[in-house]
Amino acid sequence: MRFLPLIWSSLRRKKFRTIFTLLSILVAFVLFGYLAAINMAFRLGVDVTGADRLVLTHKVSLILPLPFSYLARIQAIPGVVDVAHATWFGGIYQEPSNFFPQMAVEPESYLRLYPEFLLSEEERRAWFANRTGAIAGRSTAERFGWKVGDRIPLQATIWRKKDGSRTWEFTLEGIYDGAEKGTDTTQFLFHYDYLDEARAFGEGLVGWYIIRIDDPHRAAEIAERIDNTFANSPYETKTSTEKAFVQAFAKQIGDIGTIIAAILSAVFFTILLVAGNTMAQSVRERTSELAVLKTLGYSSRLVLTLVLAESFVLAGVGGGLGLGLAWWLIQQGDPTGGGLPVFYFPLRDLLLGIGFIGALGLAAGILPGVQAMRLRIVDALRRT
Amino acid sequence: MVGFSLFGWISQVTTVTLLNLRTLRERRGSSAVAVIGVAGVVTVFVAVLSMAEGFRATLATTGSPDTAIVMRGGTDTEMNSVLFREDTRIIADAPGVLRTAEGPLASAELFVIVDLPKRSTGTVANVALRGVQTSAFQVRDKLRIVEGRRFEPGRNEVIVGAGAVRQFAGLELGSLLHLGKTEWRVVGIFSTGGTAAESEIWCDASVLQPAYRRGSSFQSVYAKLVSPEAFDEFKEALTTDPRLNVKVMRESEYYAEQSRLLHSIITGLGTLVAGLMGIGAVFSSLNTMYSAVSARTREIATLRALGFGGGPVVVSVLVESLLLALVGGVLGGAVAYFGFNELHTTTLNWQSFSQVAFAFAVTPALLVQGILYALVMGLIGGLFPAIRAARLPVAAALREL
């Protein structure tokens, strides 16, 4: 501790250089943190999917519908605990760019399948009771400034009404929160009955089924049993775990997510290389000063510790501030203004960032530190 | 007199600059770091924007201005549209449609999505399967069969786009495709010169209708017009026809519209990230130039004592910084060009909900932008150290000896 003033004064030796080095480390870590969140969003929050949930879609493509009558048949299959269904609505709220997912569901069963959607008891009852009622996730509600009781019109792109109109009106009966950070709070959910009775075509069809099973370890076996039940019917099915389903979907965009992540990690390391080199350079310039310290009786080990400490202070301060700033930026919301399903700083990446800070401090300090340790006083003093 | 002093000034600038550049070798470590910093930023800047550019270019060249697409009114993509057989006949007979001996050049089409495994990840992806009428080959006149032959009407045969063959497994010539209860034989591979249609699979619409229980309905009509100018007349005739409720767009606009969202997201994200990284690179070139100046304190002070002005010193430092940035910019541009140009990938086109194969396009305009960006970084990184060099108090600097 008593060497702190010494470290402090060597950092102040070239103030501009110290500040610029700090700032470039800071920028690198802001980028790192922000990209971690974006990468997470591209993975569509796959880490928080339910292990005991399966998703059943049409075998040919998930855009093809399935009959509503499958519900009871799925329910009867051994290993299945609970079933819900959902249908994609795909409406436009005011402008096509205001995208958020809208699904027609059977409210009670859907909320049973997704306990991570937290809704107060009153809102829950109000929604169940109102056929044209809907609920929205917190981030979508905040994005458009909705409050409970608001009337929300959506322009259908798929589902025309029987009377030929395309405007569907809903009353917002509740706003749900996510139980976990990664829970998707962008969904807009409303009664399937409302959709099914008023739409001009597609009666009795649903989009996909969500199934809870009793034992996640038997997921593959149960999925196969379900698909066999519907094999050779006009609507063949494909059942997969929710995780596999979300992953496959994320990978459809995924190539780009991977490319961005790859490019950016390359650059993250470029900036760190630059900062590390500057730090090493500043130690080399002080060779004679370090020799003086040794002359005064500082042990080689102590000189190494001093150089390393200096490098760790720079990396720690710059990196720490950078991660902090990234965290703050992420709190301000995602860059598309609420369009990404999840946007948060994953804990795993935060820890990884802290690891990188340590690695940077060590990498930048170790070479000049060892050189300083091995320095022979006579040589060093003669060099000037 | 004025001319003479200007000449003197220029000769001073040249002298100091050459002196600086000659000593570059002694500072190659820190100079190399500044160059790498700038190169890294330019690589990312150009690479990310080339991805956005490639995606845009693929969709923008897909449509031609003398082709119109007709869908049901109120829908925004072919996928959500429904047109009945009567509708498609009325559309084909509308004024403005190009006619040949066989009839009007209009193709009523079906557009469905099928799941196929992606080669790169092995997971399923949405691939567009389009059912067309034989006139489609004349409507899309860019289409060429590069291997095999066209499908025969009425048979379960498909032809596959060159982009789709590259990106999805099981589409090679001669292979059998199982979709639901029907089997399709791949009989040909077609190219359209890198447009979005190359990511699709095509078959006969009349075979696809029963396979997907579509009865006699279609989803869109593609019509070749007499000329690009005939579009207004064609659109007017269809939208005022009381028998129809349709939306009419130029094919080129329809596809350009689809690229807008993703293009703006990637460009926005790329600019944001490159901007942040640029700040980091400016710090590293500031460091390099400050240490370059301080390493030469003596020389600069000597020059000043000999009567050299402050201006030439400023210019010389700036020139050095810009030169380093230029090298970095060119290096970064080269890495982006050789590493990413023509790199093939696919992504989900949200509007059509199907995969579009495209290639990164590192265009000359992007390279110029990248190098300009490098020069801006070099200018900022050199300016402050240059001013400092010019302001060095001569006496104090000489004493530092």
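**Briefing on the two-chain model**

Setting aside residues up to four places away in sequence, Ala162(B) touches Ile189(B), Phe190(B) and Glu198(B). This is a predicted model.

**Around Ala162(B)**

- Ala162(B) is found in helix H5 of chain B, which covers residues 162-167.
- One of its contacts, Ile189(B), is 27 residues apart from Ala162(B) along the chain, and their C-alpha atoms are separated by 6.1 Å.

**Nonpolar cores**

- The largest nonpolar core has 83 residues.
- The residues with the most contacts inside this core come from both chains: Phe29(A), Leu290(A) and Phe343(A) from chain A, and Val46(B), Tyr254(B), Met277(B) and Met377(B) from chain B.

**Helix pair between the chains: H2(A) and H8(B)**

- Helix H2 of chain A (residues 15-42) packs against helix H8 of chain B (residues 251-295) at an angle of about 160 degrees, with the axes 9 Å apart.
- Because of that angle, H2(A) is roughly antiparallel to H8(B).
- The crossing of H2(A) past H8(B) is left-handed.
- On the chain A side, the residues that meet H8(B) include Phe16(A), Arg17(A), Phe20(A), Val27(A), Tyr34(A) and Ile38(A).
- On the chain B side, the residues that meet H2(A) include Leu269(B), Leu276(B), Met277(B), Phe283(B), Asn287(B) and Tyr290(B).
- By class, the residues of this contact divide into 18 nonpolar, 5 polar and 1 charged.
- Met277(B), one of the H8(B) residues that meet H2(A), is also among the residues with the most contacts inside the largest core.

**Helix pair within chain A: H11(A) and H12(A)**

- The axes of helix H11 (residues 300-331) and helix H12 (residues 347-374) of chain A come within 8 Å and cross at roughly 150 degrees.
- H11(A) is therefore roughly antiparallel to H12(A).
- H11(A) passes H12(A) with a right-handed crossing.
- The contact of H11(A) with H12(A) is made up of 18 nonpolar residues, 10 polar and 1 charged.

**Helix pair within chain B: H2(B) and H10(B)**

- Helix H2 (residues 28-60) and helix H10 (residues 310-340) of chain B have axes that come within 7 Å and cross at roughly 40 degrees.
- That angle makes H2(B) oblique to H10(B).
- H2(B) passes H10(B) in a crossing that is right-handed.
- From H2(B), residues including Ser31(B), Val38(B), Val42(B), Thr43(B) and Val46(B) take part in the contact.
- From H10(B), the partners include Leu324(B), Gly328(B), Gly329(B), Gly332(B), Gly333(B) and Phe340(B).
- The contact of H2(B) with H10(B) counts 13 nonpolar and 6 polar residues, with no charged residues.

**Buried residues in chain B**

- Glu109(B) is found in strand E4 of chain B, residues 106-117.
- Glu109(B) is buried, because its relative accessible area is 0%.
- Beyond residues up to four places away in sequence, Glu109(B) touches residues including Arg130(B), Arg140(B), Phe218(B), Gln219(B) and Tyr222(B).
- Glu109(B) and Ala205(B) are 96 residues apart in sequence but 6.3 Å apart in space, C-alpha to C-alpha.
- Ile90(B) lies in helix H3 of chain B, residues 85-92, and is buried, with a relative accessible area of 16%.
- Leaving aside neighbours within four places in sequence, Ile90(B) is in contact with Asp241(B), Arg243(B) and Leu244(B).

**Positive phi in chain A**

- Most residues other than glycine have a negative phi.
- Gln94(A) has a positive phi, near 65 degrees, and is found in the loop between strands E3 (80-88) and E4 (102-105) of chain A.
- Gln94(A) is exposed, with a relative accessible area of 64%.
- Asn232(A) also has a phi near 65 degrees, and is found in the loop between helix H8 (219-229) and strand E12 (237-241) of chain A.
- Asn232(A) counts as exposed, at 68% relative accessibility.

Conventions:
Residues are numbered from 1 along each chain as its sequence is written. Chains are lettered from A and ligands numbered from 1 in the order in which they are written. This is a predicted model: local features need pLDDT of at least 70, side-chain atom pairs count only at pLDDT 80 or more; totals for chains, interfaces and linings use all residues. Side-chain values use heavy atoms; hydrogens and water are left out. A nonpolar core is a set of buried Ala, Val, Leu, Ile, Met, Phe, Trp, Tyr and Cys residues joined through side-chain atoms within 4.5 Å. Buried means under 20% relative accessible area, exposed over 50%, partly exposed in between (1.4 Å probe, protein chains only). Axes are lines fitted to C-alpha atoms, for helices over the stretch in contact, and angles run from 0 to 180 degrees between N-to-C directions. Helices (H or I, at least four residues) and strands (E, at least two) are DSSP runs, numbered from the N terminus. Angles under 35 degrees count as roughly parallel, over 145 as roughly antiparallel, 65 to 115 as roughly perpendicular and the rest as oblique. A crossing is left-handed if the near helix is turned anticlockwise from the far one by less than a right angle, and right-handed if clockwise. Ala, Val, Leu, Ile, Met, Phe, Trp, Tyr, Cys and Pro count as nonpolar, Asp, Glu, Lys and Arg as charged, and the others, Gly among them, as polar. Contact means heavy atoms within 4.5 Å.
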